[in-house]
Amino acid sequence: MSFEDLLKNRRNSKKSVYREVKEDFRSKRRKELDMAPEDELEDISEEIKQVYSNDIIRVVLETFGENLLTQKETLDKDCAMCIIISGGEIREKAYFKYIIEYPKVFSRLRISVVTGTDELHRILRTANEKQGKLDTLLESEYGDLIEEDIIAIVTDVDVFRASILEVMPACKEKGYEFIISNPCFETWLYYHYFDKPPENFGPFEVHKISGELKDYLGPQEDKSKEIIPGGVKPDKDIFNYEQAITNSKANYKEDSDGIPELFCTQMHVLIERLKPYFEEGLKQIVQYEAEKAAKYKNQNK
């Protein structure tokens, strides 16, 4: 099946699920209001969207991310399972977008990105809960397909240094990947574009560095001040992961406590561990995009 067919199937599947949710929601609402089937129901599209995003997606995530583990045929032999627990809400999840959304392309890897709190002790408790569910999964019928299971806690140094030092021993004992970026995850995105730490940046107060770096890497009203045209693109940056690994490793330093120094990140450790499971899928998408561009170019000659 071509990647184009996979895209089509995914869209159709999502529409089908939504239709089922919509009809079920309408039926329940009519019963609540004691309405006859033919009675007109007020517009409840926004409520349906909330149910779809908060309830159905939650159930799917509890199964294992957005990757529908219940479909065993989508898993390759020696598949890896990775749960990433992060305080970041947007860019961390966007970075793994393709792997999460196209499980048939990335059939050797399942990733779930869990967000919602930046308090490290709560993140550690979540990791322990997820590890329990993953252990149950490994004991199930999928166990013979799972080559490696990874729990990764991804955190910023930002203002959390004391908490990092408190939870670090527990993460090591549990075997979790404890991935730290200084000052924040955007340091990893930065190295997709540059091979040296930023110059003429700061100095800023500790609690302001993360925000300033995010602004620095983002789009600017004055386009001449953008260091990256249009700003970083976390959902596309993964295609340049090899360069990011090289740049990150070349500039990596850590202090005596094992915490990365400013403008250093440990994300290359996690990506190198996951690379064998996702690299072929990325190549397939790159090939598909190149063929689509060539086809479009020929049609518009």
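This briefing covers a helix pair and a strand sheet in a predicted model. Local features need pLDDT of at least 70, side-chain atom pairs count only at pLDDT 80 or more, and totals for chains, interfaces and linings use all residues. Residues are numbered from 1 along each chain as its sequence is written, and side-chain values use heavy atoms, with hydrogens and water left out. Helices (H or I, at least four residues) and strands (E, at least two) are DSSP runs, numbered from the N terminus.

**Helices α5 and α6**
- The axes of α5 (residues 120–138) and α6 (residues 161–174) come within 9 Å and cross at roughly 15°; axes are lines fitted to C-alpha atoms, for helices over the stretch in contact, and angles run from 0 to 180 degrees between N-to-C directions.
- That angle makes α5 roughly parallel to α6 (angles under 35 degrees count as roughly parallel).
- L120, H121, L124 and N128 of α5 are in contact (heavy atoms within 4.5 Å) with S163, I164, E166, V167, A170, C171 and K174 of α6.

**The sheet**
- The sheet is open and mixed in pairing, with five strands in the order β2-β1-β3-β4-β5; two strands pair if DSSP finds at least two bridges between them.
- β2 (109–114) and β5 (264–265) are the edge strands, each pairing on one side only.
- Two bridges join β4 (residues 177–182) to β5 in the antiparallel sense, and N182 has C264 in β5 as its bridge partner.

**Helices on the sheet**
- α5 lies across β1 (79–86), β2, β3 (146–156) and β4, running at about 170° to β3.
- α11 (residues 267–299) packs on the sheet and touches β1, β2, β3, β4 and β5, its direction making about 150° with that of β3.

Methods. Parallel < 35°, antiparallel > 145°, perpendicular 65-115°, else oblique.
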